[in-house]
Amino acid sequence: MIELTPLKYFISAFETGTFSQAARLNHVSQPTVSIAIQKLEAHLGGPLFQRAKSGLTPTSMATQLYHDTIDSVAHLSSLENRLSGKPQQTLRMHCAPDVLLRPFRAALKSLRWGGSDLQLSFTDTLLNSEVAFVTASCAPSDHNFIPLLTEGFGIALERHHPLAAHDTLSLEDIQNEPVIERPYCPTADRLDIVWPNRPQSSANAVHDLQLLELIAAGFGVAFVPLSHKGTQKDVVVRALTGVEMQTRTVGISHRRSAFASDLAGKLSAANA
């Protein structure tokens, strides 16, 4: 019979790609996780991961085990908390309109079956949140901020656009292209400095998911963070040459309460 705890360690390792991060998420030592997974492999009769200095690569058996057990582990973890009398807690979370959640999917998965019986409740405003995915410049002064990634900006355009064949683009290449604005992000790209004589905007988006859909629909091009590359199959992102683009740092902003600090730490560890 497979026990619940080794499966928790296995799921953490599968989602984070290392035993060390799985150990941090479960508040145990790395050898504890490694030994538990070795025993699980012996029980199942085959390896679950290919080990390398760069991290763990799941085998086909690991992929099947993950998809067959993730829902059950989440349910049993929640049941365990309820039967032990732990109250359900609501985590108020916010995602800024210029931040996409896709790069942090592994971090969110870690909350699905983790130590607390959580209910996620997304808020429209940052100030009402306990944990938020935001840029450093937008983090409230009464929050702590954990940086996760620093990135630059590029040009996003519809994948069938003639310019999509280029590896890089210049302002001259796009000088006659209609531009979709991102007015909701005060430090998004400073188009007024980088491109003061740009064409009149063709549309204004209210968040980056909508922005990508407008690009895919052919409304124009846009300056976007480079991490948006690959998030919409009909949109490509190309580096911009000839100008000095600013960078941004995206991370987790959280209240200084023990509850929010603990969850922000777990999210950060899962995304490392």
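**Reading aromatic pairs and a sheet**

Phe10, Phe14, Phe19, Phe49 and Tyr66 form one aromatic cluster.

Visitor: Hello! What kind of model is this, and how are its residues numbered?

Guide: Welcome! This is a predicted model, where local features need pLDDT of at least 70 and side-chain atom pairs count only at pLDDT 80 or more, while totals for chains, interfaces and linings use all residues. Residues are numbered from 1 along each chain as its sequence is written, and side-chain values use heavy atoms, leaving out hydrogens and water.

Visitor: How many aromatic pairs does the structure hold?

Guide: Rings of Phe, Tyr and Trp (its six-membered ring) pair if their centres lie within 6.5 Å; planes under 30 degrees apart count as stacked, over 60 as edge-to-face and the rest as tilted. Here there are five aromatic pairs. In one of them, the planes of Phe19 and Phe49 stand at 85° with the ring centres 6.1 Å apart, so this pair is edge-to-face.

Visitor: Which parts does that pair tie together?

Guide: Helices (H or I, at least four residues) and strands (E, at least two) are DSSP runs, numbered from the N terminus. Phe19 belongs to helix H2 (residues 19-26) and Phe49 to strand E1 (residues 49-52), so the pair ties together parts 30 residues apart in sequence.

Visitor: Is Phe19 buried or exposed?

Guide: Buried means under 20% relative accessible area, exposed over 50%, partly exposed in between (1.4 Å probe, protein chains only). Phe19 is buried, at 9%, and Phe49 is buried too, at 3%.

Visitor: What about Phe104 and Phe133?

Guide: Their rings are stacked, 4.8 Å centre to centre with 15° between the planes. Both Phe104 and Phe133 are buried.
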